[in-house]
Amino acid sequence: MSPELSKTYEASSVEPKWQEHWHKEAVYRTRVNPDKKPYVIYIPPPNVTGVLHMGHVLNYTIQDVLTRWKRMQGFEALWLPGLDHAGIATQNVVEKALRKEGKSRHDLGREKFVERVWQWKEEHGGTILDQFRKLGASFDLERLRFTLDEDYSRAVLEVFVRLHEKGLVYRGNYIASWCPRCQTVLSDEEVDHVERNGKLWHVRYPLTDGSGHVEVATTRPETMLGDTGVAIHPDNPKTNHLKGKKALLPLLDRELPIVEDERVDPEFGTGAVKMTPAHDPLDFEIGKDHGLEPIKIFEPDATVKDGIGRFGGLSREEARKEVLKDLEAGGFLVKDEKHRNSIGICYRCETVVEPWLSEQWFIAMKKLAEPAAQAVRDGEVTIFPERWEKVYFHWMDNIRDWCVSRQLWWGHRIPAWYCDACDTVHVSIEAPAACTSCAKTAFRQDEDVLDTWASSWLWPFATLGWPQKTPELQYFFPSNILVTGSEIIFFWVARMIMASLEFMGEVPFKEVFLHGIVRDQKGRKLSKSLGNSPDTLEILKKYGADAVRFSTILTTPSGQDAIFSEEKLDTGRRFANKIWNATRFVMPHIQNVSGLSSPPESLPLPERWLLSRLTEVQGTVTAHLDKSSLNEAAYAVYDFLWHDYCDWFVEMSKGAMADEENVATRETLLHALREGVRLLAPFMPHLSEELGTHLGFDGLVSLSAWNDGAGGFRDPGAEIEMEIVQELVTAIRTIRSESNVPPNERVNVYVRFLDDTARDPANREREHVLALAKAENLHLDGFDAKPSGCIAMVTRRMEVAIPLEGLVDLDKERERLQKEVERLTGLLASVEKKLGNENYVKRAPEEVVAKDRERASRTAEMLDRVEQNLASLSR
């Protein structure tokens with residue numbers, strides 16, 4: 001063991017050293033190993049454009065803790081890393097760079113543009129992986145996968161072809177969501193819905209027979225330019241007079257048939273609904289059944305097409321203003337009223353999407369969804385927190401077909417080939433030799449690429465060599481647990497289950513652990529647009545990766561949202577410093593000892609207590625990790641090392657550790673610290689490895705054998721006796737602190753036991769109590785009446801009294817306590833007033849209200865104690 005430890009823990013030098021060592025020595029390399037059970041976690045592949053944020057820190061720390069723990073348990077633990085090609089995001093980045101050069105992708109052409117994106121990927125695509133390395137991630141980097149790798153791409157195309165052969169892939173004209181900025185369609189799951197204040201305009205359409213008019217209501221008056229009909233419910237008495245008639249479209253004088261359809265909501269507006277089949281999903285379906293022509297009025301950038309009245313070239317917003325102006329001028333605008341709208345926006349750029357009629361490729365999802373839903377119902381896959389199962393089932397049971405084509409150049413180009421001669425479509429990985437209809441040999445490939453999620457849904461098996469039956473696929477599939485954010489339960493989680501059942505015949509993982517979202521202290525999601533998202537690399541630099549990892553896990557209950565604050569991160573930094581300083585303090589005294597040489601049961605109380613607590617904590621941490629309760633596991637480690645080891649055992653051992661003859665104390669100091677560092681290793685790997693080099697570990701701590709405490713030494717009696725000592729010392733320290741007794745003053749302590757069985761343990765450990773509590777005398781024979789001028793405290797097993805005369809100015813102490821009573825009374829009244837406000841309790845974030853309730857309870861307890869102390873001194 002090396003006794004040399006620097007004065008302070010410098011994460012900035014320790015962490016890069018170990019990151020380099022792990023990488024250079026390929027410490028976390030995995031192999032197909034028949035002698036070990038596999039343990040597998042697939043990384044949710046971050047976008048190749050991504051940079052590390054606090055959501056990543058939470059997600060990847062959870063995965064790394066579990067992987068490191070299982071590795072120490074003896075599993076062949078694979079944490080498989082990778083990157084997603086991120087079609088829309090990556091193409092946008094490169095197109096933005098081209099615009100700065102005064103060019104567009106069309107200036108380069110498809111082939112040159114794709115080359116340019118690959119060049120960008122090679123230069124910048126590894127950024128986020130380097131950042132994960134700074135976090136201490138124990139990936140097997142030799143298995144790094146990219147969703148556009150050659151083998152992976154082959155698997156993506158193979159799946160498309162196979163699904164097409166089964167009749168589950170089809171092409172058709174449908175309304176899909178179009179992003180005018182990204183210039184591509186989006187799947188339903190790529191559209192976020194936000195509530196916004198808008199208006200509902202009522203417009204009068206004249207009837208062609210001159211008998212009056214029909215009044216329609218719309219939230220988008222500009223789309224009337226594409227109206228080709230009006231629909232009414234057949235059983236709505238309010239609109240019976242309109243049956244069989246026609247209306248005239250204002251501004252464009254287009255004749256509109258009035259059709260009857262049960263899908264019309266008779267309660268919306270006037271009961272008559274304008275039909276815009278090219279720009280509304282329901283209108284499209286109704287229009288298709290009634291022969292209404294779909295007229296597209298927008299260009300791909302959402303400007304009005306030329307030839308649509310006088311509105312050609314106007315944006316959607318400008319067209320709305322002009323349409324309303326002309327309607328009002330023509331006497332067609334009846335009224336407008338406030339209306340709350342649910343607006344669809346692009347998940348990537350937040351542009352309002354446009355319902356868009358176009359020919360797209362779809363995957364029929366119902367047959368794939370049914371077995372995937374059943375797998376969760378049957379317990380083949382468990383979802384934690386359990387509340388997400390209802391959300392999962394609702395989506396699966398109401399699933400819609402998946403639009404998988406995207407109007408992009410970067411991605412997996414759809415393997416569909418059109419005959420130049422007769423336009424027959426052939427779906428195959430390679431271009432066919434000849435057309436099956438006309439035998440001609442000239443083909444053109446579909447211009448579109450597949451949705452990015454249509455590659456990542458294959459992640460669990462395509463990363464391992466599928467469709468080939470590789471040794472890795474047979475050994476490492478399926479994985480044990482998927483750790484991801486709840487926001488992609490549909491995008492990714494559900495689809496992976498579907499794909500794995502379809503192509504592998506089994507589920508891809510046994511457990512799904514959905515963590516929450518990282519939010520600020522106001523409850524808002526961290527985001528650049530809100531300006532509340534910190535620079536994560538600067539955070540790692542300031543606090544150290546281990547401190548950030550540990551604090552994040554410690555303060556985030558499993559499955560709940562994480563509340564970010566730098567104050568919380570300081571918890572981890574202070575903990576690292578505490579363990580470092582304790583190790584540095586005991587190092588000179590543990591140089592000539594190794595393991596425990598005496599049976600634990602023969603040791604003094606403090607040693608027996610610590611070793612018993614160690615065994616208990618080893619079991620507790622293991623049990624919590626087994627349940628993926630990482631914050632509780634982290635707290636158990638924290639409590640043992642900070643409180644049991646540092647605050648109590650090291651303090652109690654200060655006299656004994658300097659005694660060369662007292663081998664038992666020094667051996668216990670080393671053994672408990674070494675085992676504590678082993679427990680800490682999954683959470684704080686850099687600190688653990690550094691301390692391990694000084695504590696005599698044979699090799700890396702992260703590769704040492706995990707100890708779950710099974711069969712370890714337990715002494716419940718010692719734990720009870722030590723609890724009595726701690727109760728007594730804590731009571732004395734509390735009285736000293738609350739009474740402002742100077743630290744160097746020794747006190748006389750009087751104890752009356754409420755539980756007589758506590759007397760003997762307190763008496764046997766008298767010397768430890770006197771030293772820890774800085775007491776001159778310890779009177780354990782009880783008292784009928786408390787000595788005059790004393791402060792007393794009642795605990796579970798005893799009443800402890802300390803005379804203050806001669807230690808503090810009693811008059812000043814009474815005056816101080818009276819002011820403290822007044823301060824706490826005011827504080828309590830203020831908090832209780834706030835909590836008594838129903839509006840505040842309903843509207844404030846739950847965590848804020850919970851903190852206020854805790855503060856009220858704590859303040860009431862403090863006030864009660866101060867009032868008791870004041871009463872004691874007044875007597």
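This is a predicted model: local features need pLDDT of at least 70, side-chain atom pairs count only at pLDDT 80 or more; totals for chains, interfaces and linings use all residues.
Ground rules. I number residues from 1 along each chain as its sequence is written. I use local features only at pLDDT of at least 70 and side-chain atom pairs only at pLDDT 80 or more, with totals for chains, interfaces and linings taken over all residues, and side-chain values rest on heavy atoms, without hydrogens and water.

Entry, H23 and H25. I looked up helix H23 (residues 716-738) against helix H25 (residues 766-773) and found an angle of about 25° with the axes 9 Å apart. H23 is therefore roughly parallel to H25 (angles under 35 degrees count as such). Helices here are DSSP runs of H or I with at least four residues, and strands are runs of E with at least two. In contact terms (heavy atoms within 4.5 Å), Val-725, Leu-728, Val-729, Ile-732, Arg-733 and Arg-736 of H23 meet Val-769, Leu-772 and Ala-773 of H25. I note 7 nonpolar, no polar and 2 charged residues in this contact; Ala, Val, Leu and Ile are among those that count as nonpolar, and Arg is among the charged.

An α-helix has 3.6 residues a turn, so residues three or four places apart point the same way.

Entry, Thr-452. I found Thr-452 in the loop between strand E21 (449-450) and helix H12 (453-456). Thr-452 counts as buried because its relative accessibility is 14%. Leaving out residues up to four places away in sequence, Thr-452 touches Asp-84, His-85, Ala-86 and Gly-87.

Conventions:
Axes are lines fitted to C-alpha atoms, for helices over the stretch in contact, and angles run from 0 to 180 degrees between N-to-C directions. Angles under 35 degrees count as roughly parallel, over 145 as roughly antiparallel, 65 to 115 as roughly perpendicular and the rest as oblique. Buried means under 20% relative accessible area, exposed over 50%, partly exposed in between (1.4 Å probe, protein chains only).
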